[in-house]
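Dear colleague,

I am handing over the structure below, together with some notes on what was found in it. Please keep it open while you read, so that you can look up each residue as it is named.

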Amino acid sequence: MSALKQISANQCWGGTQYTYSHASAATNCTMRFSVFIPPQASEGKVPVLYWLSGLTCTEENFTVKAGAQRMAAKLGMAVVAPDTSPRGLNIPGEGDSFDFGLGAGFYVDATEAPWSKGYRMYSYVNDELPTLINSAFPVDPKRVGISGHSMGGHGALVCALRNPAQYHSVSAFAPITSPTRCDWGRKAFTGYLGTDERTWASYDSTRLLVSQGWKGPSILVDQGDKDNFLPMLQPQLLVDAAAEANVAVNLRMQGGYDHSYFFVQSFIPDHLRFHAANLV
């Protein structure tokens, strides 16, 4: 187990907001994550929500922009937000575009060189990071939810659907519902996974819903109807796949909202309450 290096600690709503770094075996570099520990953790283990951020983000975006700590403290819920890609691998071209490489790991395990040497965000999020969190913080590994925004919404859905014994609730803000059917996803998957599209299905929430379903509580999805990325996000594809799989999805189209963290901030209390109710 790699040693944690504390970068910051700030008292917040009676709890503490931390940022840490550590050497990651999954990504072959130093990774950073934030974790909010609510005041109730002084009395015993608390449920934990993993948050996955979107394109161009780090662990900091959600931590400073979403305003989640107030409700998390009230509910007694820890919140963990990892970075969105490896950093420091120095792969040529990894910083050339916003939708591939740095800040755009897409929560997959890359199989194509040179990305396969460290772009393994799926394994990092689902295996390495939870092991680290469970050993270092007072969280209950049997009460775990996952959520995210945009690329991170895609990641949250895929992680939950592929690991139903690990995650007991899932929600998303403006998720990329079917990356195999949008330009962002096709670009990333070709680069990370290769041209054989049969290998992409295990990272597409619509394909996963149809192939294996979801036995957990209803999936909560918020989507702004003024989001200029709607042609990429395609929320109706998720609804259609869920109907085919007989899975309950609560898609809430929010009038006037865009893709920004103002949107996330507006509805994050609902999502935290949703997870808290399902992680009892």
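What is the volume of the largest cavity? Before the answer, please keep in mind that this is a predicted model, and that the values that follow were computed from it. The volume of the largest cavity is about 70 Å³, and a search of the whole structure finds one cavity of 30 Å³ or more.

The residues that line the largest cavity are Gln 17, Ser 34, Phe 36, Phe 62, Thr 63, Ala 68, Gln 69, Val 79, Val 80 and Ala 81. Sorted by class, this lining has six nonpolar and four polar residues, with no charged residues. At least two lining residues come from each of β3 (29-37), α1 (59-65) and β5 (78-82), and β5 gives the most, with three residues.

The structure also has pockets to look at, and the largest pocket has a volume of about 190 Å³. Its lining is made of 13 residues, and those that lie nearest the centre of the pocket are Gly 54, Leu 55, Thr 56, His 149 and His 259. By class, the lining of the largest pocket has six nonpolar and seven polar residues, and here too no charged residues are found.

Now to the chain as a whole. The protein chain has nine helices and nine strands, and its C-alpha atoms fill a box of roughly 50 × 40 × 35 Å when this is taken along the principal axes. For 280 residues, a compact globule would have a radius of gyration near 19 Å, and the 17 Å of the protein chain agrees with this. Of the 280 residues, 57% are buried. If you take the contacts with a separation of 6 or more, 73% of them are accounted for by residues 24 or more positions apart.

An α-helix has 3.6 residues a turn, so residues three or four places apart point the same way. In helix α6 (residues 205-212), the buried residues are Ser 205, Thr 206, Leu 208 and Leu 209. Because these buried residues fall within an arc of 165 degrees when seen down the axis of α6, they line one face of the helix. The buried residues of α6 pack against α4 (151-162), β8 (219-224) and α8 (235-245). After α6 comes Gly 213, which has a positive phi, near 70 degrees.

Just after α8, Asn 246 has a positive phi of about 60 degrees.

Thr 19 has its place in strand β2 (residues 15-24), and it counts as buried because its relative accessibility is 12%, where buried means under 20%. Leaving out residues up to four places away in sequence, Thr 19 touches Lys 5, Gln 6, Ile 7, Ser 8, Arg 32, Phe 33, Ser 34 and Glu 59.

Asp 140 lies in strand β6 (residues 139-148), and at 18% relative accessibility Asp 140 also counts as buried. With residues up to four places away in sequence left out, Asp 140 touches Lys 45, Val 46 and Val 48. The C-alpha atoms of Asp 140 and Ala 78 are separated by 9.6 Å, while the two residues are 62 residues apart along the chain.

Ala 104 is found in the loop between β5 and α3 (121-136), and Ala 104 is buried, with a relative accessible area of 0%. Not counting residues up to four places away in sequence, Ala 104 touches Leu 55, Thr 84, Ser 85, Phe 98, Asp 99, Met 151 and Tyr 192. One of these, Thr 84, is 20 residues from Ala 104 along the chain, and their C-alpha atoms are separated by 6.2 Å.

With best wishes

Definitions and conventions. Residues numbered from 1 in each chain as written. Predicted model: local features only at pLDDT ≥ 70, side-chain atom pairs only at ≥ 80, totals over all residues. Heavy atoms only, no water. 1 Å grid on protein atoms, 1.4 Å probe; cavity = no way out; pocket = protein on both sides within 12 Å on 5 of 7 lines; lining within 4 Å. Points joined across faces, edges and corners; volume = space filled by probe spheres on them. Nonpolar A, V, L, I, M, F, W, Y, C, P; charged D, E, K, R; others polar. Buried < 20%, exposed > 50% of the residue type's maximum accessible area, 1.4 Å probe, protein only. Helix = DSSP H or I, 4+ residues; strand = E, 2+ residues; numbered from the N terminus. Arc of directions from axis to C-beta. Contact = heavy atoms within 4.5 Å. Rg over C-alpha atoms; globule rule 2.2 N^0.38 Å.
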